[in-house]
Amino acid sequence: MAKLKSWKELPCGAIIEDMKAVRENKTGAWRSVRPCWNKDKCIQCLNCWIFCPDAAVIVEDGKVTGINYDYCKGCGICANVCPTKVQAITMEEERK
Amino acid sequence: MILAKTGNEALAYAMKQINPDVVAAYPITPSTEIVQIFAQYVSDGKVDSEFVAVESEHSAMSACIGSAASGCRTMTATASQGLALMHEMLFIAGGLRLPIVVPIASRSLSSPLNIHGDHSDSLASRDSGWMQFFCESVQEGYDTLIQCVKIAERASLPAICAVDGFILSHCMERIETFEDKSVREFLGPYKPNWNLLDYKKPILVGPATMQDYYFEFKRSQIEGMNNALPVIEEVQEEFKQKFGRGYGVIEEYRTDDAEAVVLLMGSACGTMREAVDAMRNQGKKVGMVKLRVFRPLPHKLLKETLAKFKTVAVMDRADAVNSYGGPLFTELTSVLYDAPQRPNVLSYVYGLGGKEFSLADAATVLEQAHAGKKEDLVTYVGVR
């Protein structure tokens, strides 16, 4: 385990500039329901990508390609903002 | 330029001259006018500020935090229940070390409901990691608010600039104002330490810290407050150099050969000066010490200054409802505990809910301080 820093070494206001630590802290295990994305139904409106509070919607070349389950906490906002007629994202129980 | 302005008008005028990037506010008595007048400046195109009208003070401070985290010079104004509703967010602004500046028309907290001046609201926020300035006059409020912006940015700490509700906020005074240009020159452009919206340099603001790091971050914040005192003195000196008016962290009034002094904050210092003069005319060696900066508490300076007197009467315009006097009294006795010579310390709570603090009241306090004793541990001045 890395040596813990003293208070004198800490950034003012607890601002984290090193995003490595953030990437290494995988928070997806908190999830109890998971968004399931259906490639065929998706109309690529990118609503889910805009609204996801955790940047867990994977977009490549301007198109949604999936969900990053390492960080998705299952809040369901993506499913909620997916246009009603489309329903390309549905929330399903995590342990099935 | 010499102008006639109420406290609220003067503070709003200072805000206009400061020309902050963002003001997010919800109006509340008695500081309502600050927000109202500032909104008028925005509508009239007198400032470049983005004005965000929000639905509550909790939201006002939340918006201010977002704005300050995005590298904007940010202000709001509030009072009483409004400051109380901001309470949760005050700690977040403090911990994030965001230099938000808030003029407050300080007043009592409900219940019972009361709209008048005392220090209950600001002193209830004393542990939130904000600097706190208490002003004696409208002029001092105007000057201090301008100083606060520079101090807050240099110390990376938020600041409250309190004027007594109604007593100062609604009373008109002759004040000497500066040119807009001079104020903006004095402040210079704001150079934030970091900016949440700088996508080329991504950062995380407000991380979760557990048992291993929370305390260390708090220790670092405490050091920030320790370091603020020299910053305040530095900016006060720069202000004096530029504008010719100077203020200290504390001010001593006729204390040279004084045996007893009264320590207090805010508008009542004006009343106390008159009472001291009257007592001096009777040949009684009394004086006054005005505390202008309550956070950071200038504990070393207070100890050096006050330990030499026989008696110090401490006057609080708020009560901590702890059965042991107001916040200033308990802190001052703590400061003096290890002084080489400890003066008698007398506790007075006065003026709650705007109760008049008259010259006669001030004279009574001075008489008792001069005598060096009184019967009760805490005296509630003027209470029937």
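Me: Which residue forms a salt bridge with B:Lys303?
Reply: A salt bridge here is a side-chain nitrogen of Lys or Arg within 4 Å of a carboxyl oxygen of Asp or Glu. For B:Lys303, the closest N and O atoms of the pair are 2.7 Å apart. The partner is B:Asp338.

Me: How many residues apart in sequence are the parts that B:Lys303 and B:Asp338 tie together?
Reply: B:Lys303 lies in helix α11 of chain B, and B:Asp338 in the loop between α12 (327–336) and β14 (344–349) of chain B. Helices (H or I, at least four residues) and strands (E, at least two) are DSSP runs, numbered from the N terminus. The parts so tied together are 35 residues apart in sequence.

Me: Is B:Asp338 buried or exposed?
Reply: Buried means under 20% relative accessible area, exposed over 50%, and partly exposed in between (1.4 Å probe, protein chains only). B:Lys303, at 22%, counts as partly exposed. B:Asp338 has a relative accessible area of 53%, so the label is exposed.

Me: What kind of model is this, and which pLDDT do side-chain atom pairs need?
Reply: Residues are numbered from 1 along each chain as its sequence is written, chains are lettered from A and ligands numbered from 1 in the order in which they are written, and side-chain values use heavy atoms, leaving out hydrogens and water. The model is predicted: local features need pLDDT of at least 70, totals for chains, interfaces and linings use all residues, and side-chain atom pairs count only at pLDDT 80 or more.

Me: Which residue forms a salt bridge with B:Glu140?
Reply: The closest N and O atoms of this pair are 2.5 Å apart. B:Glu140 is in helix α6 (residues 138–155) of chain B and its partner in strand β11 (residues 286–291), so parts 150 residues apart in sequence are tied together. B:Glu140 is buried at 2% relative accessibility. The partner, buried at 3%, is B:Lys290.

Me: Which residues do salt bridges with shared partners join into one network?
Reply: The structure holds 33 salt bridges over all chains. Those that share partners link one set in chain B. The members are B:Glu136, B:Glu140, B:Glu251, B:Arg273, B:Lys290 and B:Arg292.

Me: Where does B:Phe134 sit, and which residues does B:Phe134 touch?
Reply: B:Phe134 is in strand β6 (residues 131–134) of chain B. At 1% relative accessibility, B:Phe134 counts as buried. Contact means heavy atoms within 4.5 Å. Leaving out residues up to four places away in sequence, B:Phe134 touches B:His119, B:Ser122, B:Leu123, B:Glu140, B:Ala162, B:Met265, B:Gly266, B:Leu291, B:Arg292 and B:Phe294.

Me: How far apart are the closest N and O atoms of A:Arg31 and A:Glu94?
Reply: A:Arg31 is in the loop between α1 (19–24) and β1, while A:Glu94 is in the segment after β4 (89–93), 63 residues apart. A:Arg31 is buried at 11% relative accessible area, and A:Glu94 is partly exposed at 23%. Their salt bridge spans 3.0 Å.

Me: Which residues meet in a salt bridge across the interface of chain A and chain B?
Reply: The contact takes 13 residues from chain A and 18 residues from chain B. The chains bury about 1,500 Å² between them, 73% of it on carbon and sulfur atoms; buried area is the accessible area (1.4 Å probe) that two parts lose on being put together, summed over both. The rule finds 1 salt bridge across the interface. The side chains, at 3.6 Å from N to O, are those of B:Lys201 and A:Glu17.

Me: How many disulfides does a search of the whole structure find?
Reply: A disulfide is a pair of cysteine sulfur atoms within 2.5 Å. The search over all chains finds 0. For A:Cys52, the nearest cysteine sulfur, that of A:Cys75, is 6.3 Å away. For B:Cys64, the nearest is that of B:Cys72, at 11 Å.

Me: Where is the cis peptide bond with omega near 0 degrees?
Reply: Most residues other than glycine have a negative phi, and most peptide bonds are trans. One cis bond joins B:Ser110 and B:Ser111, with omega about 10 degrees. The bond with omega near 0 degrees runs from B:Arg295 to B:Pro296.
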